[in-house]
Amino acid sequence: MDLLTFRDYCLSLPLTQETTPFDDTTLVYKVEGRIYAAANMIDFNRIAVKCDPDKALLLREEYPEICAAWHFNKRHWNDVYVNGDLPEAFIRLQIRNSYLLVLQQVAPKARREELLHWIKQIGIPE
């Protein structure tokens, strides 16, 4: 996966916002104001994605291209290296799972249910 493919995929997810809150080179993607993915535009070799803590550990054990995210909470975030042997579909799945995980944590509950219902109707790109 290259940077443009990563960017296009993130922007295809409903309600995604592209920001650069940390510096001029780190792309950050948010839904409802919460981060679900980040990557460096200059040195694009990994993507930080949020993950369920138990699943995060399993993924790190199974795939050498996945490790604890460098600048994020290591219990909840993984770095997925994009220049290894992981298929692009698998990387997209990690981004999609991160997006849905963050969306499910959005408060208040009524807004979260409204968003999830809407997204089920329009679908999420794979």
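**View A. Glu32 sits in the loop between strand E2 (26-31) and E3.** The model is predicted. Phi of Glu32 is near 50°. That is a positive value in a residue other than glycine. Glu32 counts as partly exposed, at 30% relative accessibility. The class follows because partly exposed covers the range between buried, under 20%, and exposed, over 50%.

**View B. Strands E3 and E4 contribute to the lining of the largest pocket.** The volume of this pocket is about 330 Å³. Its lining has 14 residues. Thr26, Asn40, Arg46, His71 and Phe72 lie nearest the centre. Strand E3 (34-40) and strand E4 (46-50) are the elements that give two or more residues to the lining. E3 gives the most, with three residues. By class, the lining has six nonpolar, four polar and four charged residues.

**View C. Leu15, Trp118 and Ile122 make a nonpolar surface patch.** The patch has an area of about 260 Å². Ile122 belongs to helix H4 (residues 109-122). Ile122 is partly exposed, with a relative accessible area of 48%. Leu15 is also a patch member. For Leu15, the relative accessible area is 34%, again partly exposed. Both Ile122, at 48%, and Leu15, at 34%, can join a patch because patch residues need over 30% relative accessible area.

**View D. Leu15 has a positive phi.** Leu15 lies in the loop between helix H1 (3-12) and strand E1 (16-19). Its phi is near 65°, and Leu15 is a residue other than glycine.

Key: Residues are numbered from 1 along each chain as its sequence is written. This is a predicted model: local features need pLDDT of at least 70, side-chain atom pairs count only at pLDDT 80 or more; totals for chains, interfaces and linings use all residues. Side-chain values use heavy atoms; hydrogens and water are left out. On a 1 Å grid over the protein atoms alone, a cavity is a set of points where a 1.4 Å probe fits but cannot get out, and a pocket is an open set with protein on both sides within 12 Å along at least five of seven lines; lining residues have an atom within 4 Å of a point. Grid points are joined across faces, edges and corners, and a volume is the space filled by probe spheres set on the points. Helices (H or I, at least four residues) and strands (E, at least two) are DSSP runs, numbered from the N terminus. Ala, Val, Leu, Ile, Met, Phe, Trp, Tyr, Cys and Pro count as nonpolar, Asp, Glu, Lys and Arg as charged, and the others, Gly among them, as polar. Patches are made of residues with over 30% relative accessible area and no salt bridge: like charges are joined within 9 Å, nonpolar side chains (Val, Leu, Ile, Met, Phe, Trp, Tyr) within 5 Å. Accessible areas come from the Shrake-Rupley method with a 1.4 Å probe; for residues, only the protein chains shown count as cover. A salt bridge is a side-chain nitrogen of Lys or Arg within 4 Å of a carboxyl oxygen of Asp or Glu. Buried means under 20% relative accessible area, exposed over 50%, partly exposed in between (1.4 Å probe, protein chains only).
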